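Reader: I have a structure open on my screen and would like to talk it through with you. Could you put it up here so that we are looking at it together?

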Amino acid sequence: MGRRPVKDKKMPYEYPQFAFRVTKETKNRLNSTIGEIQESMNRSRDDGEPFVNKNDVIVRALDMGLKQLRRK
């Protein structure tokens, strides 16, 4: 079980970074919520599907939230 092997694995420095500042309380709250969602998504994934990581959750949440904000 686990993620499928990646043939041409990239190094962390090959990915651009996206960062912003928040308070410690906000960071703890966000990390907790993101972790809960990650666990839930991994429990409900089909066999053979790759595990969802926290980065996947964050990007998906941003995409969904920004799409809703754009509609307003």
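Author: Here it is, and please keep in mind that this is a predicted model.

Reader: How many residues does α1 have, and how far does it reach?

Author: Helix α1 takes in residues 24-43, which makes 20 residues, and from its first C-alpha to its last it reaches 28 Å, close to the 28 Å expected at 1.5 Å a residue.

Reader: Stepping back, how many helices and strands are in the protein chain?

Author: The protein chain has 2 helices and 0 strands. Its radius of gyration is 15 Å, whereas a compact globule of 72 residues would be near 11 Å. Along the principal axes, the C-alpha atoms fill a box of roughly 40 × 30 × 30 Å, and buried residues account for 10% of the 72 residues.

Reader: Changing topic, where is Asp 63, and is it buried or partly exposed?

Author: Asp 63 is placed in helix α2, and it counts as partly exposed because its relative accessibility is 48%, which falls between the 20% and 50% cut-offs. Asp 63 is 31 residues from Ser 32 in sequence, and the two are 20 Å apart in space, C-alpha to C-alpha.

Reader: What about the rings, then: how many aromatic pairs does a search of the whole structure find?

Author: The search finds 0 aromatic pairs.

Reader: Which charged residues sit over a ring?

Author: Among them is Lys 10, whose charged end sits over the ring of Tyr 15, 5.4 Å from its centre. Arg 45 lies over the face of Phe 51, at 3.7 Å from the ring centre.

Note on methods. Residues numbered from 1 in each chain as written. Predicted model: local features only at pLDDT ≥ 70, side-chain atom pairs only at ≥ 80, totals over all residues. Heavy atoms only, no water. Phe/Tyr/Trp six-rings, centres within 6.5 Å; stacked < 30°, edge-to-face > 60°. Lys NZ or Arg CZ within 6 Å of the ring centre and 35° of its normal. Helix = DSSP H or I, 4+ residues; strand = E, 2+ residues; numbered from the N terminus. Expected span 1.5 Å × (residues − 1). Rg over C-alpha atoms; globule rule 2.2 N^0.38 Å. Buried < 20%, exposed > 50% of the residue type's maximum accessible area, 1.4 Å probe, protein only.
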